Amino acid sequence: MTSTSAAHPDTAVPADDSRRVATLLGLLFGLAGMGSSSAAVTLPLLGPDLGVGPGLAAWTISLYVLMLAVTTALYGRISDLVGVRAPLLAGLVLMSVGALVAAVAPTFEVLLGARVVQGAGAAAVPTLGVAILSARYDGSVRGLAFGRLAGTAAAVSCLGPLVGGLVESVGGWRAVMALPVLGALVVPFLWNALHTGGSGARLDVVGAVLVALTASGVVLLVQSPSAGLVVAGIGAVLLVAGVPAVRASVRRRPDGFLPVEVVRNPVVIRSAVAAAAVPASWFAMLIAMPAVLLSHGWEAWQVGLAMVPSALVALLVPQVTGPLLDRIGPARALAIAGVVASSALLVAALGAFLVSAAVLVVAIVFVTFAFGLGQPALSAAVGDAVHEEVRGVSLGVSTLLFLVGGSIGSAVVAGLGGTVGMSGALLVLAVLPLLGLLVLAPTLRRA
């Protein structure tokens, strides 16, 4: 059934509204993800055109993912205060402006700045999309809605290399950079689902800045194997200084940007850490599979065609995830997603070693299933574990950790792939979901 939150009495909708709203939100989420997956196939052309090497060109992806990760919690907290409509619109404006500037960037420096703006805007979509569904539905309808959001997002992201390859062949890499602008076309169809209610409290700006800087330190450290010692040093300084500063901020303002209720909630933290291994696997495959095949003579559009089966699976996964969440609960669903992700990475390592497209396709299909199950399971676990007034920031913090996991996956592939080979890097990543299961074990026992 559907339910109407007490804080948002204007959101009563028929049950079948969940399919439309979740699909549209998933489309937005997927377009945000396409900012990485479609742009990845343009790097061989982008670099020479702007006079930079492959290492520097890769920063167009890294900075985008960095901003996508570190600003998610900010959008979540703002939605608690003012509702989701204003922050979502602001995020989409930033994403569109960043994409347009990137498409016409005259220099590499301007391109990097545009990608920072684009990533900061795109971060609004994953957090606020889940917040909309959490406030608008409950029970089995909410589980199905979470699954549809994740499935649609995964399908659109998986089609990124194909769409990017086709668009690049017609309009060049600049046209590919402009693709996320399409997200603005979705907003009118979602307008009535965007509630405006909130607590009305003021934003803890100091707390927000401290959390963002600390999260930046984590992501920069993760990306340092491919970025160098300077980036590693900056990341280490931000992390070492940021952690005690965030703790002091939470003690000073227990109801501030990072409420103590969220920090001390073991379900939120354990679920988010365990779930982070799933996007690590998924983002790694979105980079590893094109890298392996492109290096052996494949064209970008051919790589995109090879990823179509995973997009089809992503669209079918919601039919499984919703009923499965109802039957076994989010904790066990997260455990299943972790096991599937680890197994898929082992298969992917074999495919990279053999340079077998068929084996790589099987691996990314299973990784896509893991993502389509893990993301809604995390959303359900966090949404059920906290009070409504901090639901937005809780989902923001969990999404931040979720996307940091994605940064780990892309960084390991980029950093270790050149030294131990792509198969070796994928084998290293296969350990992460198993470590996530250890973190999740107390929650599993209680479940």
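A nonpolar patch is made of nonpolar side chains joined within 5 Å, from residues with over 30% relative accessible area and no salt bridge. The model shown in these views is predicted.

**View 1. A nonpolar patch on the surface, formed by V93, V97, V101 and V110.** Together these four valines have about 280 Å² of accessible area. Helix α6 (residues 85-104) supplies the largest share of the patch, three residues. V97 is found in α6. With a relative accessibility of 43%, V97 counts as partly exposed, because that class lies between 20% and 50%.

**View 2. Helix α8, residues 124-136.** The helix has 13 residues and reaches 18 Å from its first C-alpha to its last, close to the 18 Å expected at 1.5 Å a residue. α8 is mostly covered, with 13 of its 13 residues buried.

**View 3. The largest nonpolar core, with 135 residues.** L133, M285, M289 and L426 touch the most other members of this core. Its largest share, 14 residues, comes from helix α21 (residues 357-385). Another core, of five residues, lies apart from it and includes L31, M34, V156 and V176.

**View 4. Contacts of L133.** Leaving aside residues up to four places away in sequence, L133 touches V21, A22, L25, R142, A145, F146 and L149.

**View 5. S140 in helix α9, residues 139-158.** S140 has 33% relative accessibility and therefore counts as partly exposed. Between S140 and L213 the C-alpha to C-alpha distance is 38 Å, and the two are 73 residues apart in sequence.

Definitions and conventions. Residues are numbered from 1 along each chain as its sequence is written. This is a predicted model: local features need pLDDT of at least 70, side-chain atom pairs count only at pLDDT 80 or more; totals for chains, interfaces and linings use all residues. Side-chain values use heavy atoms; hydrogens and water are left out. Helices (H or I, at least four residues) and strands (E, at least two) are DSSP runs, numbered from the N terminus. Buried means under 20% relative accessible area, exposed over 50%, partly exposed in between (1.4 Å probe, protein chains only). The expected span of a helix is 1.5 Å times one less than its number of residues. Patches are made of residues with over 30% relative accessible area and no salt bridge: like charges are joined within 9 Å, nonpolar side chains (Val, Leu, Ile, Met, Phe, Trp, Tyr) within 5 Å. Accessible areas come from the Shrake-Rupley method with a 1.4 Å probe; for residues, only the protein chains shown count as cover. A salt bridge is a side-chain nitrogen of Lys or Arg within 4 Å of a carboxyl oxygen of Asp or Glu. A nonpolar core is a set of buried Ala, Val, Leu, Ile, Met, Phe, Trp, Tyr and Cys residues joined through side-chain atoms within 4.5 Å. Contact means heavy atoms within 4.5 Å.
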